[in-house]
Amino acid sequence: MSLFRGMDTSASALTANRLRLDTIAANIANANSTRARLVDGVWQPYRRKMVEIAPKSDQSFDSLLSAAIGMVSGARPEQGVRVQAIREDDTPFKRVYNPEHPDADQEGYVLMPNVDIMKEMVDMISASRSYEANVTVLNATKSMMMKALEISRR
């Protein structure tokens, strides 16, 4: 087993969670953007984006366990996570009455982005906690490696 395998797994999670945080920051920054995309000559509001994360390996738990305990020989599956897709949220835009807005229709309503700040804050806390947990794993792994080097010096 490679010494750096655990670090590679944590590094992939750090990369995925950093992208989650970047996407959440973009959602919050565009929470009031009414002109994000021009579709058929009409401006559309910003649509919320979400990051989908999946395991790197598509193998079942049973096959992974068998490979880990040595029952099955062969190449070890890749561990960690990867970003599978960045998808747009299909929930409808918010319709807000604001006749003074330059993008208001004849009735005075404006289509606003489907970004809910509270939902974004919850996602941001979740992503930052995941990031912190993986940093803790990396530091623990580094500490164990340093202790192993100290023991081997004696």
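**Close-up 1. Arg-37 and its partner Glu-88.** In this predicted model, Arg-37 is partly exposed, with a relative accessible area of 41%. Its side chain meets that of Glu-88 in a salt bridge, with 2.4 Å from N to O. This pair links distant parts of the chain: Arg-37 belongs to strand β1 (residues 37–39), while Glu-88 sits in strand β4 (residues 81–88), 51 residues apart. Glu-88 is partly exposed too, at a relative accessible area of 29%.

**Close-up 2. Glu-52 meets Arg-87.** Here's another salt bridge between side chains, Glu-52 with Arg-87, at 2.7 Å from N to O. Glu-52 is in strand β3 (residues 49–55) and Arg-87 is in strand β4, so the pair ties together parts that lie 35 residues apart in sequence. Glu-52 counts as partly exposed at 29% relative accessibility, and Arg-87 is partly exposed as well, with a relative accessible area of 44%.

**Close-up 3. A network of four residues.** Take a look at Arg-48, Asp-89, Glu-120 and Asp-123: salt bridges that share partners join them into one network.

**Close-up 4. Asp-22 and Arg-18 within a helix.** The side chains of Asp-22 and Arg-18 pair up in a salt bridge, 3.3 Å from N to O. Both residues lie in helix α1 (residues 5–29), and they're four residues apart, about one turn of the helix. Asp-22 is partly exposed, with a relative accessible area of 41%, and Arg-18 counts as partly exposed at 45% relative accessibility. Across the model, the salt bridge count comes to 11.

Methods:
Residues numbered from 1 in each chain as written. Predicted model: local features only at pLDDT ≥ 70, side-chain atom pairs only at ≥ 80, totals over all residues. Heavy atoms only, no water. Helix = DSSP H or I, 4+ residues; strand = E, 2+ residues; numbered from the N terminus. Buried < 20%, exposed > 50% of the residue type's maximum accessible area, 1.4 Å probe, protein only.
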